[in-house]
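Please open the structure in your viewer and keep the selection tool at hand.

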Amino acid sequence: MSQEIEIEFKNLLTLEEYEQVYQYLPFKSVELIEQTNYYFESDDFKLREQGAALRIRKKNDQWMLTLKQPHEEGLLETHDSLTEEEANLWIQNKMVEKPHTKKQFNELNISVDELAYLGSLTTRRKELEFKETTVVLDHSLYYDEEDFELEIEAPSKQQGEEVFEEILTACDIPKRETDNKIRRFYKAKLKSE
């Protein structure tokens, strides 16, 4: 699938809250997945200005280029598979156009030649299915930062909201305004400069 609508709910957690959610649901029984996101942007932040973000994710030795754009239901994600060689070219600022993302870049009036590699964020992830949603616990590392996050991916806003509220209430965790990973990455990058 080259495009999908992502409906998700996020909440940053303390280490103690992360452990509470880990105990509340059967996360012990699921495999730990390590994934790395490599982020890209133009010098004049054209993607960010349009509420968009671009990453390459390496997960299970697979490389995926993903452009995220605002959508009324959540985020529109456009995907293109990459070979390891193509991903490495992107990271060296030798961008290789791919069909699905190229179409979206054209709509945004952005050329891949304008994009540059910014850095990476590595996440240690546990995920499981719960009440028709995917519940994710993330431990992310980037620059000198480390954070913990609960994420609910759902087929509808209503379903996601219900599961999100249930977990936060059961674990006595306050709802927090939570930036997505790329925004947290940008903030850490600016602090490090």
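A pocket, as the term is used here, is an open set of grid points with protein on both sides within 12 Å along at least five of seven lines, and its lining residues have an atom within 4 Å of a point. Please bear in mind throughout that this is a predicted model.

**Stop 1: the largest pocket**

Select Glu-6, Glu-8, Lys-68, Leu-75 and Glu-77, which lie nearest the centre of the largest pocket among the 47 residues that line it. The volume of this pocket is about 1200 Å³. Now colour strand S5, residues 62–71. With six residues, S5 gives the most to the lining of the largest pocket. How many residues of the lining are nonpolar, polar and charged? The lining has 22 charged residues, 16 nonpolar ones and nine polar ones.

**Stop 2: helix H4**

Next, select residues 99–107, which form helix H4, and show the side chains of its buried residues, Thr-101, Gln-104 and Phe-105. These three lie on the same side of H4, because they cover an arc of only 105° around the axis. On the other side of the helix, Pro-99 and Glu-107 are exposed.

Which elements cover the buried residues of H4? Among them are strand S1 (3–6), helix H2 (46–49) and strand S4 (53–59). Strands S5, S6 (74–82) and S7 (115–130) also belong to this cover.

Follow the chain onward from the helix. Just after H4, Asn-109 has a positive phi of about 60°. Is Ser-111 buried, partly exposed or exposed? Its relative accessibility is 29%, so Ser-111 counts as partly exposed. Select Lys-46 together with Ser-111: their C-alpha atoms are 10 Å apart in space, although the two are 65 residues apart in sequence.

**Stop 3: two loops with positive phi**

Move to Asn-60, in the loop between S4 and S5. Its phi is near 55°, a positive value in a residue other than glycine. Asn-60 counts as exposed, with 55% relative accessibility.

Then select Lys-131, in the loop between S7 and S8. Here too a residue other than glycine has a positive phi, near 50°. Lys-131 is partly exposed, at a relative accessible area of 46%.

**Stop 4: salt bridges**

Side chains of opposite charge can pair when their charged atoms come close. How many salt bridges does a search of the whole structure find? The search finds 26.

Begin with Arg-176 and Glu-17, whose side chains meet in a salt bridge at 2.8 Å, N to O. This pair links distant parts of the chain, 159 residues apart: Arg-176 is in the loop between helix H5 (157–170) and helix H6 (181–192), while Glu-17 is in helix H1 (residues 15–24). Arg-176 counts as partly exposed, at 28% relative accessibility. Glu-17, by contrast, has 9% relative accessibility and therefore counts as buried, since buried means under 20%.

Continue with Arg-125 and Asp-138, which form a salt bridge at 2.7 Å, N to O. Because Arg-125 lies in strand S7 and Asp-138 in strand S8 (residues 133–142), the pair ties together parts that are 13 residues apart in sequence. Both Arg-125 and Asp-138 are buried.

Select Glu-149 and Arg-184 next; their salt bridge is 3.0 Å, N to O. Glu-149 is in strand S9 (residues 145–153) and Arg-184 in helix H6, so this pair ties together parts that are 35 residues apart in sequence. Glu-149 and Arg-184 are both buried.

Finally, display the network of salt bridges that links Glu-8, Lys-10, Arg-125, Glu-127, Asp-138, Asp-147, Glu-149, Glu-151, Lys-181 and Arg-184. One of its members, Glu-8, was selected at the largest pocket.

**Stop 5: Ile-152**

Ile-152 is buried, with a relative accessible area of 0%. Which residues are in contact with Ile-152, leaving aside its neighbours within four places in sequence? They are Ile-7, Glu-8, Phe-9, Thr-133, Thr-134, Val-135, Gly-160, Val-163, Phe-164 and Ile-167. To end, select Pro-99 as well: its C-alpha atom and that of Ile-152 are separated by 30 Å, and the two residues are 53 apart along the chain.

Notes: Residues numbered from 1 in each chain as written. Predicted model: local features only at pLDDT ≥ 70, side-chain atom pairs only at ≥ 80, totals over all residues. Heavy atoms only, no water. Buried < 20%, exposed > 50% of the residue type's maximum accessible area, 1.4 Å probe, protein only. Helix = DSSP H or I, 4+ residues; strand = E, 2+ residues; numbered from the N terminus. Arc of directions from axis to C-beta. Contact = heavy atoms within 4.5 Å. Salt bridge = Lys/Arg side-chain N within 4 Å of Asp/Glu carboxyl O. 1 Å grid on protein atoms, 1.4 Å probe; cavity = no way out; pocket = protein on both sides within 12 Å on 5 of 7 lines; lining within 4 Å. Points joined across faces, edges and corners; volume = space filled by probe spheres on them. Nonpolar A, V, L, I, M, F, W, Y, C, P; charged D, E, K, R; others polar.
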